[in-house]
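Hi there,

Here is the structure I promised to pass on. Have a look at it first, and then read on for what turned up in it.

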Amino acid sequence: TMDDGAVSNDECGIIVGCIGQDDKVWILDDLTVKGPPSKWAQAVGEAFLKWDASVVLAEINQGGTLVRQVLNQYWNGLPIVTVRATDGKRIRAEGPAILCEQGEVKLACSDNRKFQLLCDQLMTWDPLDKDKKSPDRLDAFCQLVHHLKPAVARQRIESDERLYRNARGRARRQRRPGGPNN
């Protein structure tokens, strides 16, 4: 999975993963790079070959068709599935976060230093901090988990959204005249 942040001079989040025999999401590698399109295109193609991947999942929110064009320029015939993030980052991160908490996402490495920067973004990103730059590793990680476990990740988000809407409805009905919310 790649996040297209590098189009705007941010890092290009490149996270490799799969579904294991245990039906869990396994994060195999973090190959995130910062640099011109040639650099991230090279890194994506090398990751595809190294891990014998079946597809490249590419977010195209910032780069649009440029992402596919650049990848095809360096790696002709690369099987690319493009995704456009339509929900806010907080909503996209909820399903994968819940799966992580339930032990459904694993890091395939006994040395956590390999995933230190990814883990830092996963643990410290605050959706309310608008001044902080976009976490490209986190974006690629979330797209990967959604791709590998789409029904589970989406179902949890929809369930959370329903609970949130129901709780807001109850809160509105329970407001007291003259209370702090009026």
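Which residue is the bridge partner of Cys18 in strand 3? It's Trp26. Before going further, some ground rules: this is a predicted model, so local features need pLDDT of at least 70 and side-chain atom pairs count only at pLDDT 80 or more, while totals for chains, interfaces and linings use all residues. Residues are numbered from 1 along each chain as its sequence is written, and side-chain values use heavy atoms, with hydrogens and water left out.

**The overall layout**

The chain has six helices and seven strands. Those names come from DSSP runs, numbered from the N terminus: helices are H or I with at least four residues, and strands are E with at least two. If you walk along the sequence, the pattern reads β-β-β-β-α-β-α-β-α-β-α-α-α. Of the 182 residues, 38% count as buried. Buried means under 20% relative accessible area, exposed means over 50%, and partly exposed is in between (1.4 Å probe, protein chains only). Among the contacts with a separation of 6 or more, 63% are between residues 24 or more positions apart; a contact means heavy atoms within 4.5 Å.

**The sheet**

Strand 2 and strand 3 pair in the antiparallel sense over five bridges, where two strands pair if DSSP finds at least two bridges between them. On the other pairing, strand 3 (residues 25-30) runs parallel to strand 7, and three bridges join them. One of the partners here is Val105 in strand 7, which bridges to Val25.

Put together, this is an open sheet of three strands in the order 2-3-7, with mixed pairing. Strand 2 (15-19) and strand 7 (105-107) stand at the edges with a single partner strand each, so one side of each has no neighbour in the sheet. The twist averages 30 degrees from one strand to the next. Helix 5 packs on this sheet and touches strand 2, strand 3 and strand 7, its direction making about 20 degrees with that of strand 2. For angles like this, axes are lines fitted to C-alpha atoms (for helices over the stretch in contact), and angles run from 0 to 180 degrees between N-to-C directions.

Is strand 3 largely enclosed or largely open? Five of its six residues are buried, so strand 3 is largely enclosed by the rest of the structure.

**Two helix pairs**

Helix 3 (residues 89-101) and helix 5 (residues 136-148) pack at about 65 degrees, with their axes 9 Å apart. That makes helix 3 roughly perpendicular to helix 5; angles under 35 degrees count as roughly parallel, over 145 as roughly antiparallel, 65 to 115 as roughly perpendicular and the rest as oblique. The crossing of helix 3 with helix 5 is left-handed, which is the name used if the near helix is turned anticlockwise from the far one by less than a right angle, with right-handed for clockwise. By class, the contact has eight nonpolar, two polar and three charged residues. Here Ala, Val, Leu, Ile, Met, Phe, Trp, Tyr, Cys and Pro count as nonpolar, Asp, Glu, Lys and Arg as charged, and the others, Gly among them, as polar.

Now for helix 1 (residues 37-50) and helix 2 (residues 65-74): their axes come within 9 Å and cross at roughly 65 degrees. Helix 1 and helix 2 are therefore roughly perpendicular to each other, and their crossing is right-handed. Among the residues making this contact are Trp40 and Val44 of helix 1, plus Leu71 and Tyr74 of helix 2. The contact divides into eight nonpolar, two polar and no charged residues.

Asp23 sits in the loop between strand 2 and strand 3. The hairpin these strands form has five residues between them, and Asp23 takes a positive phi near 65 degrees there. At 48% relative accessibility, Asp23 counts as partly exposed.

Asp52 is in the loop between helix 1 and strand 5 (56-59). Its phi is near 50 degrees, a positive value in a residue other than glycine. With a relative accessible area of 69%, Asp52 is exposed.

Happy exploring!
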